[in-house]
Amino acid sequence: MALLEIRSLSKVYQRDSQAIPVFENIDLDIDTGEFLVLMGPSGSGKTTLLNLIAGLDEPTTGAIIVGGEEVTAMSRRQLAAWRSDHVGFIFQLYNLLPVLTAYQNVELPLLLTHLSKKERREHVMTALDVVGLSDRADHFPRQLSGGQEQRVAIGRAIVSDPTLILADEPTGDLDAKSADEILTLMQRLNREFDKTILLVTHDQRAAERGEAIMHLDKGVLTR
Amino acid sequence: MKIPLIYNIRSVRQRPVSTLTTALGMALVVLVFIAMMALSRGFRAALTGTGSPENVLVVRTGADSELVSGISRETAQILAGMPFVADGPGGRPMVSPEVYVLISLDRPGVGEALVVARGINPEVFEVRQNVEIVAGSMINPGTSEIIIGKSIVGRFANTQIGDQLSFGNRAWTVVGHFAAGGSAFESEIWGENEQFMPAFRGEVFQSVTFRMRDPAAFESISRALADDPRLQVDAHREYDFYADQSYLLTQILNFAAVFIAGIMAIGAVFGAVNTMYAAVGARAPEIAVLLTLGFRPFSVLSSFLFEALVISFVGGVLGCLFALPLNGIVTSTTNWVSMSEVAFAFRVTPDLLLRGVIFALVMGLIGGFFPARRAARQPIIQVARQA
């Protein structure tokens, strides 16, 4: 069953009077528990598509439905609530808040829930345990390696048990060994915890970890 | 606000130089504000402390200061015999008829300044119970001895015990110093009525002050005196009489405090605006993360406003710390009603410190609002691109 349905999605940027189409009439289904990789050259619109799925940007036309809810019909306020409940993000540059510890960074999404402090602690420690950093809970990002930072970011992405994990070049800023560890962790999230993952990358080795690969090039999406 | 406060507190600590520069700007504003208000408070306190709410001060009808008043001995005697005057030790009425004149004395380094010379009787200590001799002795009756209020001791030449002062065509020997609870009396020179009268204006007092038997009866006492055909006098509550003398100058000082601090505050607010815009700009990726995670724009706005408040709170506290040493410093000015020099101390009170901190927080709120609004209003996709 498709968790994510994209129907006739188009995105056109307007620069002054000039219309710059990114892609037109894209259709895509991602099933629950699928690990899909989206590849394509720089500027092909991979990140734009990811942002549209996350409700960070608005499509020019078309619809995105996640778990039966039409994301493209939601207000900004509804989108914020929906994102906190259903989407986990992993960025290329980790984007941890530098002044917060690993624990506090992972806890951030839970501050939007009604969980008690004790419940939040249990969730955070579980997430840090999954990413293998429970012994670094009190470390600040500057005290961690790039790979460890990205693992904290993954902990933050999974701590609220989201429906969908969106990862934008998560290994783009890592050395080969760290990148391998991150991809192995993502595979584990998919296989052991049945997380649905959409990974955007232009790294072929990263792409090979996914169950399926799609290419976005010149506005056309192909399997 | 769901974004943890520790995020802002630590972010502020991450940039100590800009935080401290902004906070110092606000601290200076708070310092000026508190200093001027403390000046105003000190002056008012000196004059309000001069009068007691239990005393009635009687001057000639229409006189708004003792300087232009005149009360005959006969009138003073009538007043002393009134039934509403409280009895002192030995059943004597608690009445203090007083001569009041301005004399010119040398103030080293400044020049001549006017000082109140007040003629008194020994009963003055019963009517004004906050007055006490703190050094030397009381005047001996029938002598050219004087006592000096402690606020002007040392501020004017020849005011030490044993010194001689010349005024009223006579030489006067300083035999004591007195305190009066920090009131304007401490800026006066007191001598015996019977010595001052011939030296100055002859057989008149300038005011008569008496203790009421029933302080709640002031209105009826005032009416009784006004209706008495033998008297041409106005009765004032002593406290109000002196407090009113402080009104104009304290109003001007208060206005100046708000006006000058207000102008300075504009600069400090711009400093805060600048700092917070820089913070918002530098932390665009962090804002993007917060918005992406699902924090609402209002949370971001509140978070950055809180940060501005943290900085301004630091500024407010620093301003208070800078202002604290002013407390108790004695300065002087001219009482525009009596035209005499009044020495008083800066009064940095807890409520003034609180006002200073609130002033700083208001500056922070204004300075932080627009940058915080910009942080909250940025289209999420624009900040996300910077992440």
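This is a predicted model: local features need pLDDT of at least 70, side-chain atom pairs count only at pLDDT 80 or more; totals for chains, interfaces and linings use all residues.
## Strand E9 of chain B

Strand E9 of chain B spans residues 188-192. The strand is mostly covered. Five of its five residues are buried.

E9(B) pairs with two strands, described here in turn. One is strand E4 of chain B, residues 111-120. E4 and E9(B) run in the parallel sense and share five bridges. Within this pairing, B:Arg118 sits opposite B:Trp190 of E9(B).

Another partner is strand E6 of chain B, residues 145-149. Here the sense is antiparallel, over three bridges. B:Ile148 stands opposite B:Ile189 of E9(B).

In a regular strand, side chains alternate between the two faces of the sheet.

Most residues other than glycine have a negative phi. Two residues of chain A are worth a look on this point.

A:Tyr94 has a phi near 65°, a positive value in a residue other than glycine. A:Tyr94 lies in the loop between strand E6 (87-90) and helix H3 (102-107) of chain A. Its relative accessible area is 7%. That is under 20%, so A:Tyr94 counts as buried.

A:Glu169 is not a glycine either, yet its phi is positive, about 50°. A:Glu169 belongs to the loop between strand E7 (164-168) and helix H6 (176-192) of chain A. Is A:Glu169 buried or exposed? A:Glu169 is buried, because its relative accessibility is 9% and the cut-off for buried is under 20%.

Notes: Residues are numbered from 1 along each chain as its sequence is written. Chains are lettered from A and ligands numbered from 1 in the order in which they are written. Side-chain values use heavy atoms; hydrogens and water are left out. Buried means under 20% relative accessible area, exposed over 50%, partly exposed in between (1.4 Å probe, protein chains only). Helices (H or I, at least four residues) and strands (E, at least two) are DSSP runs, numbered from the N terminus. Two strands pair if DSSP finds at least two bridges between them.
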